[in-house]
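The following paragraphs lead a new reader through the model shown below. Please keep the sequence and the structure in view while reading.

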2 protein chains.
Amino acid sequence: MAEYSALFRRLDAKSPFSSGNDIDPIETKLLPFDIGIPDLSLLPGDDYARAAAEVFGGPRFNEAVSYSAYEGITRLREQVALRRHTNVENVFITTGATQGIFLTISAYVDPGDVVVVENPTFPFALKALRLAGADIRTVPTGPRGLDVDALEELLESGVNVRLVYTVSDFQNPTGVTLSARSKARLLDLAERYDFVIAADSPYRDLWFDQPPAEFPQEERELKDGGHLVEIGSFSKTLGPGWRVGWNIADAATVERFAAYRTSAEVHPSGVAQSIVSTLLGWDGWYDGLVAKQRETYRRKAYALYDTLIDVFGADIVVRRPEGGYFLWAQFPERLDPAADGRRRELARRNVRVVQGDSFYPYDTGSRALRLAFSFLPEEDLIEGSRRIGQSLLG
Amino acid sequence: MAEYSALFRRLDAKSPFSSGNDIDPIETKLLPFDIGIPDLSLLPGDDYARAAAEVFGGPRFNEAVSYSAYEGITRLREQVALRRHTNVENVFITTGATQGIFLTISAYVDPGDVVVVENPTFPFALKALRLAGADIRTVPTGPRGLDVDALEELLESGVNVRLVYTVSDFQNPTGVTLSARSKARLLDLAERYDFVIAADSPYRDLWFDQPPAEFPQEERELKDGGHLVEIGSFSKTLGPGWRVGWNIADAATVERFAAYRTSAEVHPSGVAQSIVSTLLGWDGWYDGLVAKQRETYRRKAYALYDTLIDVFGADIVVRRPEGGYFLWAQFPERLDPAADGRRRELARRNVRVVQGDSFYPYDTGSRALRLAFSFLPEEDLIEGSRRIGQSLLG
């Protein structure tokens, strides 16, 4: 299309996480710390099959296999609304957070528009922003998430910001979370300076000690003129293969998202939506599942954290994860994991990591690694930490 | 996004099939001839449940619930390639024909580009073309599909055509099919004048007497530089709720489609793809299913056709359907179904139809109805034909 065709010419299929190398490993077992997917043993296949049997053999059959609403199946929207404390009209079912981000950017960002991101941030969002022709500016990712002071300074300097993209809870890559106060301040700024917050929060349910704070409630139930799009997903809890997530926005924006569908895709798979909705409909099922996942991921996160402290001592800066999938480890210059020799050592020991620099739109020299603790079993996390130690400490 | 944002401002959520009215019907039973969906009794829920159980309890579990390839799950691509006599690298799994059309237009059409469509044609494609800013030109839909002579004349007149969109087999709305000779000629013209053919063929498997002809085989296996995108779908045979279809194009175009996914949606539901692929993997299952569907749809189509002839005699121009979902009925001026009084009579008799004018980008006065015979049971098709007769003949 017009614009789409121009966009097609700018497309780049490369993953922001390039990790290719030709080194023969000395360890036979690959330990992929780069894979940000669920522990597959925590995804209950039996329950999925039972829910599918209910859908295909019961009253939801037509809803699943025929056409359904552009905004998503009503019952699923109701269930998300209930869980996320908002109204049905504010919920738009997406095919996952990637579409949630894409649609939010599509709806708000024109070429040349200034978009502020945390530094570091989620690189697939950067990819979508670059494709949109956004003028990407950064503010630091602080210990409690996006540095709202730095953003305010930028706004006061007269920069006309259209959108702020933040991974608001258990950030990918650093694991940090915006406090209630920061969320309220961020929204105040959005209203004052008229920009939109895209709050990407796929890890929200996977907290270890306490759930992340919410953005102010009034904003999350608006009919129109909102300044917030919350982007959520079942990918981290039920598995990314479902391709079922949601955006929460003012009702008018939900309608705009739905209008896009009429020409582009109709709706997310009704089969996937109906099975997920059936699972959510079982009393206590989803809460039980995420409770178990939280426990497992906490145990894994702490095991990884403890081992790294053990191995590196004072030679690592790392925060104990509070939720999500990732641990962010920073190293002193003499242990820089991005140095050629150390990259080679990591490859030789058959450990795959994501270098911190992948998460910065402009800067290099982060001397950081993003390590996913979600996928690997605990013993591999421990073994992998030792291999990372050997690779960096020599 | 840049372009996406501009596009969002042009979005229009209205269905091209508007049929609202406030008339109290005299018949209690609604007969919706406007619904172009499968006969739901022909969709085997038990088999779907069994395939789902296989996926969720077997070796395909990870492929279904985790991330998979942007182009679609390899086994499904192989199965489509085998059925459609092409290579895996030429198959791109879509979320259905709507996405197939959207991506094809996105990949090829810039604003102002001339796109030729049949007249009448599928209005959702017109919607996507208008959104793309295409300069839409028409050539007649003849008794054997797109009028290739008229297209050649247009090309010879010096019009620079970028893309030709055709519903090549059992066209929606008229039911006509391009012959092998027309397909070969169309491709010759595409090569000579350097345009791309978007051949939308979701009804291909639902032929009554013989399968529709193919485009020349060499074109369907190219690495690059092709002039044909074939758009296919399982929506008409397995149900639209799956959101699983395919595009067949040269391998380089398949890669461009995949690049779009990296920023926009990741991939179609892995759950849906894996279950569909499991069904296709059962020896003879799909062939058996469509054989049964063909028989049922033929029976329904003929019943509708025979009754209409019975009711209207010489006052109807109608071709007996050769496949697909739709019958196209044209009437003399004195029975024009678009006349206000006759629209009212149809509504009063609780019959929903799609007026022929919905399928013409510019013209009105078609005096035609598109009647779907796929969804309604045979007795309703017969009863509905009688009510249409009463409404038009008075």
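How are α11(B) and α13(B) oriented to each other: roughly parallel or roughly antiparallel? Before the reply, some conventions are needed. This is a predicted model, in which local features need pLDDT of at least 70 and side-chain atom pairs count only at pLDDT 80 or more, while totals for chains, interfaces and linings use all residues. Residues are numbered from 1 along each chain as its sequence is written, chains are lettered from A and ligands numbered from 1 in the order in which they are written, and side-chain values use heavy atoms, with hydrogens and water left out.

Two packed helices are described by the angle between their axes and the distance between the axes. Helix α11 (residues 285-312) and helix α13 (residues 378-393), both of chain B, pack at an angle of about 25 degrees, and their axes are 9 Å apart. Here helices (H or I, at least four residues) and strands (E, at least two) are DSSP runs, numbered from the N terminus. Axes are lines fitted to C-alpha atoms, for helices over the stretch in contact, and angles run from 0 to 180 degrees between N-to-C directions. The reply is therefore that α11(B) and α13(B) are roughly parallel to each other. Angles under 35 degrees count as roughly parallel, over 145 as roughly antiparallel, 65 to 115 as roughly perpendicular and the rest as oblique.

The crossing of α11(B) and α13(B) is right-handed; a crossing is given this name if the near helix is turned clockwise from the far one by less than a right angle, and is left-handed if anticlockwise. Residues of α11(B), among them B:L304, B:L308 and B:F312, meet residues of α13(B) that include B:L381, B:I388 and B:L392, contact meaning heavy atoms within 4.5 Å. By class, the contact of α11(B) with α13(B) has ten nonpolar, three polar and four charged residues. In this grouping Ala, Val, Leu, Ile, Met, Phe, Trp, Tyr, Cys and Pro count as nonpolar, Asp, Glu, Lys and Arg as charged, and the others, Gly among them, as polar.

Another pair in chain B is formed by helix α2 (residues 45-57) and helix α10 (residues 270-281), which pack at an angle of about 110 degrees with axes 9 Å apart. These helices, α2(B) and α10(B), are therefore roughly perpendicular to each other, and their crossing is right-handed. Among the residues that meet are B:Y48, B:A52 and B:V55 in α2(B) and B:V271, B:I275 and B:L279 in α10(B). The contact of α2(B) with α10(B) has eight nonpolar, two polar and two charged residues.

On the side of α12(A) the contact is made by A:R342, A:E345 and A:L346, and on the side of α13(A) by A:I388, A:S391 and A:L392. This contact of α12(A) with α13(A) has three nonpolar, one polar and two charged residues.

The two chains also meet each other. In this interface 69 residues of chain B are in contact with 68 residues of chain A. The area buried between chain B and chain A is about 5,800 Å², of which carbon and sulfur atoms give 65%; buried area is the accessible area (1.4 Å probe) that two parts lose on being put together, summed over both. How many salt bridges are there between chain B and chain A? The count is zero, although the structure holds 50 salt bridges over all chains. A salt bridge is a side-chain nitrogen of Lys or Arg within 4 Å of a carboxyl oxygen of Asp or Glu.

One salt bridge joins A:R185 and A:E152, whose closest N and O atoms are 2.9 Å apart. Because A:R185 lies in helix α8 (residues 180-193) of chain A and A:E152 in helix α7 (residues 148-156) of chain A, the pair ties together parts that are 33 residues apart in sequence.

A cis peptide bond, with omega about 20 degrees, joins A:N172 and A:P173, and A:P173 is found in the loop between β6 (161-167) and α8 of chain A.
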